[in-house]
Structures are given as C-alpha cells and as structure tokens.
Amino acid sequence: MAFNKIWCTVALGLLLPFSCAHTDFFTSIGHMTDLIHTEKDLVVSLKDYIKAEESKLEQIKKWAEKLDQLTDAATKDPEGFLGHPVNAFKLMKRLNTEWGELENLVLKDMSDGFISNMTIQRQFFPNDEDQTGAAKALLRLQDTYNLDTDTLSRGNLPGVKHKSFLTAEDCFELGKIAYTEADYYHTELWMEQALKQLDEGEVSSADKVYILDYLSYAVYQQGDLAKAMALTRRLLELDPEHQRANGNMKYFEYIMAKEKEANKSSTDSEDQAEKETEVKKKDYLPERRKYEMLCRGEGLKMTPRRQKRLFCRYYDGNRNPRYILGPVKQEDEWDKPRIVRFLDIISDEEIETVKELAKPRLSRATVHDPETGKLTTAHYRVSKSAWLSGYESPVVSRINTRIQDLTGLDVSTAEELQVANYGVGGQYEPHFDFGRKDEPDAFKELGTGNRIATWLFYMSDVSAGGATVFPEVGASVWPRKGTAVFWYNLFPSGEGDYSTRHAACPVLVGNKWVSNKWLHERGQEFRRPCTLSELE
C-alpha cells in the first residue's frame with residue numbers, strides 16, 4: 001500500500017507586531033490591540049495543525065480498516081489464502097515495507113510548524129508584570145466605581161459592547177494576586193466569589209481546598225478570628241489531613257482562648273495608637289474619597305447662582321484673524337479655576353494622524369520624582385505616551401498654531417505635543433501640572449519657566465469612566481471626542497493655583513486617547529502680564 005504524502009501547512013505568518021519586544025502592555029489599550037491580532041493568527045495556526053493531525057489520523061484509519069477486512073478473510077483459511085501467490089507476495093511486501101511506512105507516519109510530528117512559530121511569537125507576549133498589572137486594574141476599578149465582585153465577575157458593566165465574565169478560576173487568580181500584594185481585603189472578596197461560583201455548580205479546575213486555605217488566612221489577617229475558624233473547619237471537612245489547616249485551627253483556638261481571658265478594655269497606649277491611626281486616615285482619605293466620588297459622577301453640584309455664570313459662546317480668539325469669520329464654539333466647564341471647553345476643535349482626520357504618528361513611539365508614561373528630579377514610572381499613572389514635534393507633520397504644526405491662536409499664548413516655549421493612551425483601568429491620580437515651591441528644579445532643564453497653562457484634547461469617547469476631575473473644587477470634566485479643555489495652572493503673579501490639582505479617573509469601559517500641550521511662562525510676559533497680587 002502506498003501512502004499519500006502529507007504536507008503540514010501550519011502557516012502562522014511571522015506577524016511580528018513590533019520591531020522589538022514591548023513591555024507594559026497593560027498600560028495602553030492601543031498596544032494591546034496588536035495582541036488581539038497576534039492571538040487570532042495563533043488560532044488560525046492551531047486550526048491548521050489540527051487539520052494536519054486529522055488528515056494523518058484519517059489515513060491511518062483507512063489503512064487499519066482495509067487491513068482489518070483483509071486479515072479477517074486470511075485468518076479464516078490461512079493456507080488457502082496464501083495459496084494464491086499474489087496474496088503471499090503482498091503479505092511479504094506489507095510486513096517488510098508498508099508497516100514500516102505506517103510506523104513512520106505514526107511517529108511523524110505534525111506540530112513542528114506550529115511550535116516553531118509559537119516560539120517566535122512568544123517573545124512578544126505579555127509577561128507576569130502585565131498579568132499582575134491587569135489584575136490590579138480590575139481591583140482599582142472595583143474600588144473606584146463601587147463595583148461588587150459579582151457584578152464585575154458577570155461582566156455587567158455600563159456601555160459594554162462585548163460582554164465577558166470571570167470563571168471561578170479567574171476569580172481565584174485575582175485573589176492570589178491580591179494575596180501576594182498582602183491585600184487581604186481583595187483576597188477575601190475574590191476568594192469568596194470563586195467559592196460562591198463553585199458552590200453554584202460551576203465546573204472548574206479551581207479547588208475549594210486551595211480557595212478556603214487562602215480565604216481563611218486572609219480573613220484572619222483582617223482580624224475576624226471567628227470567621228477564619230469557620231472557614232478552616234469547612235476546609236478540614238473536605239480534607240481532614242490538611243497539615244496547614246490543622247495547625248491553623250489549633251493556633252486559632254489558642255488565640256481565641258487567650259482573647260477570652262484577656263481584659264476587653266484596651267490600654268491607654270493602644271487607645272492613643274488608634275487615635276493616631278484615625279487621624280492619619282482622616283488626613284489621607286478625604287481627597288481619595290472626593291476623587292473617587294467625582295469619578296463616579298457623585299461630585300459637588302454647583303449652586304444655581306454659580307451655574308448662571310457659566311456660558312457658551314462663539315469665540316474668535318480675541319479678534320484673531322483666523323477666527324473672526326469662523327469663530328469656534330466654547331463653553332464654560334467651571335468658574336474657579338476657570339476651565340473652558342472648545343468644541344469641534346480637532347477633526348477625526350487630525351486625530352487619526354496624531355494617533356498613527358504616536359502609536360509606534362508609545363512608552364510607559366513617567367512622572368517627575370521630586371527627590372531626584374528625574375523622570376520615573378509610577379503605579380498611580382497607568383498609560384503610555386509619546387511626544388510629537390511640530391516639524392514632524394503639518395498636522396501637528398497646525399494643531400500647535402491653533403492652540404496659540406485660541407489661548408493667546410506663545411507656543412514656541414511650550415513642551416511638545418504629548419499623546420497618551422490609557423491602559424486597563426488607566427488612570428493618573430491627583431497631581432499638579434506646575435512645579436511647586438518645594439520643586440525648584442522641576443523644569444530647570446527646559447529653561448522656559450513653570451507650566452503656566454494646560455491644553456487637553458480628547459481624541460476618543462469613553463464608554464464609562466475616564467473623567468478629568470479636580471478634587472479641590474469638585475469639578476468633573478467628561479471626555480468628548482473632538483473637544484479640548486483649557487485652564488491656567490498659575491495666577492498672573494506666577495504663583496501656583498492649587499485648586500487646579502486634578503486627576504484622570506480610571507477607564508472603566510472603552511479606550512481613552514488624549515493629547516496635551518503644556519505652555520510655559522517664558523514668552524508670555526506681554527501676552528499675560530504679571531500682577532502685583534499673589535492670587536491674581
């Protein structure tokens with residue numbers, strides 16, 4: 001019997017999305033989109049491999065069926081069967097040649113093409129840092145937007161186009177990542193969710209014993225000894241020989257007995273320590289609470305009297321020749337500090353050009369370290385950014401001119417146009433754009449003075465979350481594609497306006513693209529004259 005040749009056409013085009021391996025995928029949805037295409041190609045390659053294996057098995061199956069019929073007939077009358085010289089010859093040929101060919105076919109590895117392509121692509125895969133970063137983003141979104149674990153697990157989020165859910169194994173993984181960060185609060189939430197889904201009958205590789213082991217310890221670390229003991233008892237019902245659980249139970253019982261004997265009243269020193277802790281919490285939490293409330297749209301509401309002072313208008317840039325006949329639409333977002341929004345100020349075509357220019361250069365966004373004066377990455381800024389100069393593209397040059405015309409400020413001393421794309425739960429926690437007095441060298445290397453003003457383009461709509469909020473005053477500015485907001489960071493005197501402290505809220509659903517221009521003091525001496533009063 002002759003076998004047809006099998007050609008394994010496992011074709012994963014070596015679609016290398018980047019010229020060099022990127023890191024921090026989780027900090028930019030824009031870069032993560034390339035991973036979607038990579039995974040799609042891997043699926044195509046895998047299906048080709050499956051087809052090759054199926055073709056191989058089909059040939060083996062046909063050979064087996066043919067030989068099954070032949071041997072059935074031969075074994076009923078071996079001498080009569082071999083009495084035919086052709087049968088005798090073919091038996092010799094099969095056993096000497098064809099069974100050897102079958103052996104080679106069975107041993108042939110059809111996965112070589114898929115595995116080699118997989119190996120090449122693997123260097124462009126996300127790493128452990130990306131997985132952990134994405135997990136922390138889910139926890140951050142959960143806290144900021146007051147989402148319970150069940151809502152997040154079932155994917156019931158506002159504005160979603162492609163609903164997805166978390167399995168019990170996914171919940172267990174989130175709990176483990178929280179555990180490694182000593183975040184026992186989130187460990188408890190997600191281990192309980194994993195346990196709940198298993199109790200409801202979900203089929204999963206997650207093991208209740210492991211879940212209960214993590215859960216009981218996380219609960220104990222938060223001071224709930226009774227609940228920790230109850231969970232440990234449940235674990236021991238499933239695995240009576242569990243060594244750590246048996247040891248923990250004895251320890252918990254010992255601690256419980258000691259607590260019963262101990263005096264319930266705290267010592268004066270403990271009371272004082274608690275008071276100090278409360279003071280620290282009170283000092284820290286207000287801004288955090290205001291920030292999260294504003295992100296949820298629960299911020300302070302303006303009084304009707306203040307709202308009456310906010311207007312919308314056609315604005316010509318103080319009689320700028322380019323806008324006298326075609327003024328732009330402008331509306332007041334806030335009064336103090338004055339925040340204005342320009343509508344339809346950047347076209348879709350300009351947005352796409354800016355994004356295409358920026359995307360190959362996107363790298364993890366950095367912040368100024370006040371201690372070293374150097375740029376560094378920070379957990380509170382989750383995005384990637386790139387810088388574009390006016391000479392690189394007529395579009396960027398035109399945008400710079402537009403900013404100068406409408407603000408009346410000189411952009412020749414401004415920083416380059418910064419383009420940012422936010423990642424999973426992308427955010428930038430409360431910060432100032434200007435350098436404070438305790439940061440005298442913040443922009444020294446630029447030689448253009450402090451950041452006098454900020455211009456911020458919104459280059460995408462965001463389905464949920466992603467607002468720019470000002471916790472000091474209670475203002476929330478929501479992203480609207482094609483618009484831009486502008487505010488002064490400094491008073492005319494040059495003193496910093498601390499009410500401009502602002503933040504970019506985590507993106508709950510969607511993809512947020514922005515670009516901003518930081519304008520500096522130098523060159524504005526006659527465009528925005530200094531005043532004698534510090535607060536003017």
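A quick term before we click: buried means under 20% relative accessible area, exposed means over 50%, and partly exposed lies in between (1.4 Å probe, protein chains only). Helices (H or I, at least four residues) and strands (E, at least two) are DSSP runs, numbered from the N terminus. This is a predicted model, where local features need pLDDT of at least 70, side-chain atom pairs count only at pLDDT 80 or more, and totals for chains, interfaces and linings use all residues. Residues are numbered from 1 along each chain as its sequence is written, and side-chain values use heavy atoms, with hydrogens and water left out.

Start with strand 8, residues 417-422. Six of its six residues are buried, so strand 8 is largely enclosed by the rest of the structure. Leu417, Val419 and Asn421 point one way, while Gln418, Ala420 and Tyr422 point the other.

Now pick alanine 420, which counts as buried because its relative accessibility is 4%. Its contacts (heavy atoms within 4.5 Å) include Lys384, Ser385 and Trp513.

Next, show the neighbouring strands; two strands pair if DSSP finds at least two bridges between them. Strand 7 runs antiparallel to strand 8, joined by six bridges, and serine 383 has tyrosine 422 as its bridge partner. Strand 17 also pairs with strand 8 in the antiparallel sense, over four bridges; look for glutamine 418 opposite asparagine 516.

Last stop: helix 14, residues 348-358, where Glu350, Ile351, Val354, Lys355 and Ala358 are buried. On the other side, Glu349 and Glu356 are exposed. What covers the buried residues of helix 14? Strand 8 is included, along with strand 7, helix 15 and strand 17.

Definitions and conventions:
Lists of a residue's contacts leave out its neighbours within four places in sequence.
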